[in-house]
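Hello,

I am passing this structure on to you. Please look through it before reading my notes below.

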Amino acid sequence: MLNYIKAELWKASQRLSLAMCTGVLLLLAGAYSVLMSGGSFVNLAASLILTPVTGMLLAPALVQLVDGGGRETVKNELSFGLGRSTVYLGKLFAVLFLGYALCALVLGVCLGGGWVLFAHDAPQDERVLLAALAFALLGALPLWCSAASVCHMAAMNIRSAGVWVTLYYMMFFFGQPILVLLVNLFLDRTFSMEDGSFLQAVLLPYSLTMPQYLSGWLSWEYQRWCWGIGLGWTAGSTFLGMLAFRRQDVR
Amino acid sequence: MEEMGRYLSAEWGRTVRRPYFAAFLLTMAGLAAALAAFLGPALGDLYHGSFGESVALLVPFLPLGLYLAVISADLTFCDQYKHGTLKQEAAYGLPRGRIYLGKLLTAAGVGLLACFVAVLAYALLCRVWMSAEEGDWVQAQGLLFRLLAAAPLWLGALSAAMAVLFNVRNNTVGLLVLAAFCLGGLGTSLRLAARTGVGWLARAAEACQALLLTAPFHAGQVPLWDTAYLGWCWGVGLLWTAGSTLLGLALFRGREL
């Protein structure tokens, strides 16, 4: 399995898209850091806390980097004798590794560059905000994992990548208002809003990275929600994805 | 004109024969029916809306049409670079303009058909399951008005998708950027830019926001048959349609297949 993951990562590293994606990300992150912080390190840390949502946006791109164009190679891999679970899980781990590595790189560049270049005008607040940033990232890790698993499930089982990529972004940008509409029709007559927001977090995990959840979120309950919902989606989508992939007639 | 008509019928025939097409239409009808069933039999006593109110509930779902337009474009275009169909059509002697516009019009037809099927299924089931009330016709007009306003915006998204599909070799990457940015992320990026405090950037960002395809959908309650709103929607939609078609066609003409 390790060899397979290494092979997938090597294959992804040879793609021009990875270099371009990294370049664009670094550029955008740099611009965001400079514009939103106004040159102060403490502001940089504060504005970075709002960024984990980009991981949810990048999930389809990352999955495409590993799984894109894989339809032809999968046939070869399976006829060579590799098991379907190895193929599916190996690619999933490669996606996750790639994602976390990119995240570390971008954050490292932003924070490192900021620490060196920006003004340290509020040193006592810096440690607090950096701790808050670490807390936000800890909560985001399982959520990114869940997004990658869902996209991977779609990529391995739906032939046309255009369809699932479009549907994913549709759910991301318009899923929440629609869900709120549907939930309000039903829940506000029987349950309290607290149950409503939990339902939203379960159905639309990305909303946990959004600011509305982040106010009053510095609690271990938030972490429990993130890890529970994130790992739940990961397990569920991986299970369904593998089930469908096993039955697929790979031609 | 005649040849365009023949090309269109060929494209249409090719598209409807694909299982993807039937699956798309069935899914649209199915989802619409599921929504009606959820509001009707499933919620039962918890939902007291009349036919009119249920029909008006479709309005918040209209922005989804932007993404479904991209799917319609993908359905009609379907990997033609990979299969070499475009190369053959150009080699046969068909003018590039006809190829581009023919596929664009076919995709628009597919999208409109899917929309029609979904709205019809929903309305029929609502008529059956919800109670009829006095204000029904006004509410139904409201939906028709918003559909009329949404149509050019959907066409704009479709045209942008076709421009991407014809010109970006790796279709998936192109569609990804389109779906993530033009249809969603651009709004967020502009809002961020508007808040940075750099004067000209903020002003430019605010001006651009009104031109986004998603902007008219966020308008909330609009007076029935408000011409200003219709003008805004048609203006933005036609801007995106004309702009992306001109750009896409120009790039496609210069392209070596």
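The model is predicted, so to speak of local features a pLDDT of at least 70 is needed, and side-chain atom pairs count only at pLDDT 80 or more, while totals for chains, interfaces and linings use all residues. Residues are numbered from 1 along each chain as its sequence is written, chains are lettered from A and ligands numbered from 1 in the order in which they are written, and side-chain values use heavy atoms, with hydrogens and water left out.

Helix H2 of chain A

Helices here are DSSP runs (H or I, at least four residues), numbered from the N terminus. H2(A) covers residues 16–37. Its 22 residues should span 32 Å at 1.5 Å a residue, and the end C-alpha atoms are 31 Å apart, which agrees; the expected span is 1.5 Å times one less than the number of residues.

Buried residues (under 20% relative accessible area, 1.4 Å probe, protein chains only; exposed is over 50%, partly exposed in between) in H2(A) are Leu18(A), Cys21(A), Thr22(A), Leu25(A), Ala29(A), Tyr32(A), Ser33(A) and Ser37(A). They fall within an arc of 100° seen down the axis of H2(A), so they line one face of the helix. The arc is taken from the directions from the helix axis to the C-beta atoms. On the other side, Leu16(A), Met20(A), Leu27(A) and Val34(A) are exposed.

The cover over the buried residues of H2(A) includes H1, H3, H4 and H6 of chain A, together with H9 of chain B; contact means heavy atoms within 4.5 Å. After H2(A) comes Gly38(A), with a positive phi near 60°.

Nonpolar patch on chain B

Trp137(B), Val138(B), Leu144(B), Leu148(B), Leu224(B), Trp225(B), Trp234(B) and Leu238(B) make up a nonpolar surface patch with about 800 Å² of accessible area together. H8(B) gives the largest share, four residues. Leu148(B), in H8 of chain B, is partly exposed at 38% relative accessible area.

Trp225(B) sits in the loop between H10 and H11 of chain B. Its relative accessible area is 41%, partly exposed, and its phi is positive, near 60°, in a residue other than glycine.

Patch members have over 30% relative accessible area and no salt bridge, with nonpolar side chains (Val, Leu, Ile, Met, Phe, Trp, Tyr) joined within 5 Å and like charges within 9 Å. A salt bridge is a side-chain nitrogen of Lys or Arg within 4 Å of a carboxyl oxygen of Asp or Glu. Areas come from the Shrake-Rupley method with a 1.4 Å probe, and for residues only the protein chains shown count as cover.

One further residue

Ala207(B) belongs to H10 (residues 199–209) of chain B and is exposed at 51%.

Regards

Methods:
Helices (H or I, at least four residues) and strands (E, at least two) are DSSP runs, numbered from the N terminus.
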